[in-house]
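Welcome, and thanks for taking a look at this one with me. Here is a short briefing to read beside the model, going from the whole chain down to single residues.

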Amino acid sequence: MREIIAPLSQMLKNREVSSKELTEKYISAIKSDNKKYNAYVSTTFDKAIKNAEKADEMLANGTATVLTGIPMTLKDNICSDGDLTTCCSKILEGFRPYYDSTVWSKLKAQGAVMLGKTNMDEFAMGSTSETSCYGAPLNPRNVNHVTGGSSGGGAGAVCANLAAYALGSDTGGSIRQPASFCGIVGLKPTYGAVSRYGLIAYGSSLDQIGVLANSVKDTATVFDAISGVDSNDQTSVDFDFGNISDSLGKNDVKGLKIGIAREYFDGIDSEIKDAIDGAVKFFEDNGAEIIDISLPVLKQALPVYYIIACAEASSNLGRYDGIRYGYRPETFNDVEEMILKTRTEGFGNEVKRRIMLGTYVLSSGYYDAYYKKACLLRENLIADFDEIFNTCDVLIAPTAPNTAFPLNFSDASPVDMYLSDIATVPINITGVPAISVPIKNDSKGLPIGMQIIGKKFSEKTILDTAYFYEKNAEIGVEDFEGGAAL
């Protein structure tokens with residue numbers, strides 16, 4: 001896959017192009033192509049030009065980093081001061097936060113240039129981005145198919161070269177699955193490795209900000225910049241990752257112990273299974289040790305995830321009442337009716353469905369039967385993953401059991417949408433890191449993603465493994481032409 005960040009950074013440092021000129025090129029591409037892909041739901045072009053001018057000053061005075069002057073984008077649930085941030089929901093129409101999320105604050109300090117906010121499933125609830133109040137983003141690989149969800153707009157923007165990289169959020173696969181569908185790289189870090197301050201919550205114990213990019217090196221570069229402890233987020237962890245991007249390529253995979261849990265392959269498309277098997281064979285041919293393992297607890301992951309995620313959503317979304325910010329109905333007789341009409345008119349059907357399920361499992365008489373049991377099963381999942389990583393360095397699995405869905409498929413089969421998360425949700429439940437990398441196209445020309453999973457805070461190991469594959473294997477997913485890529 002093609003690296004974008006380092007070559008653009010070198011061009012900027014060599015004065016072959018200014019950040020302002022580069023930003024204008026991306027803005028022109030967005031104005032031309034976004035109507036085709038619907039990746040962006042709001043833009044910040046005036047601010048982007050000003051930030052690009054500041055980046056050019058940093059480049060001139062020698063304070064630039066590799067990310068200085070590089071245009072990028074944020075998912076529509078990551079706050080930036082004064083910019084529209086709506087979670088693609090009618091209930092947050094017109095909402096402009098008065099502070100920056102920690103991730104954007106870090107990137108802005110390094111001279112990054114934000115182009116706007118990208119499309120997503122409403123409040124990150126979905127697997128296709130079709131629950132967005134702005135309409136679905138379309139997959140640049142085939143516009144009759146979805147980008148995946150919930151970070152589908154960011155994946156589409158990166159794939160179509162409408163941003164050099166994107167930040168998204170991953171609650172149950174919302175970075176990795178869109179990356180797989182669009183044929184790019186997606187990293188979900190260890191829970192606590194990246195601050196969640198300024199991320200509008202869906203499931204607080206599951207959400208994690210991560211990276212969507214065109215290559216493993218680009219992904220590592222952005223992760224280096226956004227990771228670290230944050231006093232504003234008590235769930236963030238002080239862990240020294242070092243500079244992962246500079247160390248990539250210094251290790252091979254000889255002696256690497258790769259676990260294959262056959263439960264990950266139950267019910268997946270045969271083309272995807274064959275593609276993953278081929279990738280595993282590649283690693284084995286290059287000296288890795290393949291270990292067959294059993295993780296029967298994976299069969300419990302999906303119900304555990306949906307119970308916990310919906311329970312947390314029902315609590316987190318209780319703040320949207322029409323009183324403090326966001327949507328408010330024009331007519332109502334009293335406060336109770338105002339709140340009722342705000343939520344009835346403001347939330348979409350999928351969000352309502354998950355709020356109702358979450359309220360149900362937390363209600364008297366059902367808390368012990370559902371929520372408490374799910375929490376206990378979560379501990380079993382965590383313990384089993386810890387035990388597996390005593391014998392394996394990484395796990396390899398499909399990112400999704402299918403390639404990109406056709407448009408409107410979720411309307412006909414909502415249960416299949418939930419089942420599509422089967423390979424990704426265990427990672428969020430257990431808090432471990434995982435990366436999705438493209439490996440080939442299926443017979444319809446749609447990308448297939450492979451998931452590399454590691455133990456907590458083993459981002460270096462999974463990025464090293466992914467980088468080795470990217471640089472040495474024959475990847476059957478072409479780089480997408482178009483947009484602003486130079």
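Is F123 buried or exposed? F123 is buried, with a relative accessible area of 2%; here buried means under 20% relative accessible area, exposed means over 50%, and partly exposed is in between, using a 1.4 Å probe and protein chains only. Please keep in mind that this is a predicted model, in which local features need pLDDT of at least 70, side-chain atom pairs count only at pLDDT 80 or more, and totals for chains, interfaces and linings use all residues. Residues are numbered from 1 along each chain as its sequence is written, and side-chain values use heavy atoms, with hydrogens and water left out.

**Overall build**

- The protein contains 17 helices and eleven strands; these are DSSP runs numbered from the N terminus, with helices being H or I of at least four residues and strands being E of at least two.
- Along the principal axes, the C-alpha atoms fill a box of roughly 65 × 55 × 45 Å.
- Of the 486 residues, 60% count as buried.
- Contact means heavy atoms within 4.5 Å. Among contacts between residues at least 6 apart in sequence, 76% join residues at least 24 apart.

**Surface and charge**

- The protein exposes about 18,100 Å², and carbon and sulfur atoms supply 48% of this area. The areas come from the Shrake-Rupley method with a 1.4 Å probe, and for residues only the protein chains shown count as cover.
- There are 46 positive and 62 negative side chains, and the centres of the two sets lie 3 Å apart. Lys and Arg count as positive and Asp and Glu as negative, while His and the chain ends are not counted; each charge is placed at NZ of Lys, CZ of Arg, CG of Asp or CD of Glu.

**Helix α10**

- Helix α10 covers residues 301-316, which makes 16 residues. From its first C-alpha to its last it reaches 22 Å, close to the 22 Å expected at 1.5 Å a residue; the expected span is 1.5 Å times one less than the number of residues.
- Why is α10 largely enclosed by the rest of the structure? The reason is that 14 of its 16 residues are buried.

**The loop between β3 and α5**

- F123 is found in this loop, between β3 and α5. Its phi is near 50 degrees, a positive value in a residue other than glycine.
- V146 belongs to the loop between β3 and α5, and it is buried at a relative accessible area of 0%.
- Leaving aside neighbours within four places in sequence, the contacts of V146 include T128, E130, P137 and N139, together with F181, A404, F405, P406 and L407.
- V146 and S127 are 19 residues apart in sequence, with their C-alpha atoms 9.2 Å apart in space.
- S150 is also placed in the loop between β3 (113-118) and α5 (152-159). A cis peptide bond joins G149 and S150, with omega about 5 degrees.

- N161 lies in the loop between α5 and β4 (165-169). Phi of N161 is near 60 degrees, a positive value in a residue other than glycine.
- N161 counts as buried, at 2% relative accessibility.

**Residues in other elements**

- V351 lies in helix α12 (residues 349-362) and counts as buried at 1% relative accessibility.
- Setting aside neighbours within four places in sequence, V351 is in contact with E122, F123, M125 and L317. V351 and A124 are 227 residues apart in sequence and 9.1 Å apart in space, C-alpha to C-alpha.
- F389 sits in the loop between α13 (367-388) and β9 (394-398), and at 9% relative accessibility it counts as buried.
- Not counting residues up to four places away in sequence, F389 touches V394, L395, I453, G454 and K455. From F389 to A124 the C-alpha distance is 30 Å, and the two are 265 residues apart in sequence.
- S105, in helix α4 (residues 102-109), is partly exposed, with a relative accessible area of 37%. S105 and I226 are 121 residues apart in sequence and 9.1 Å apart in space, C-alpha to C-alpha.
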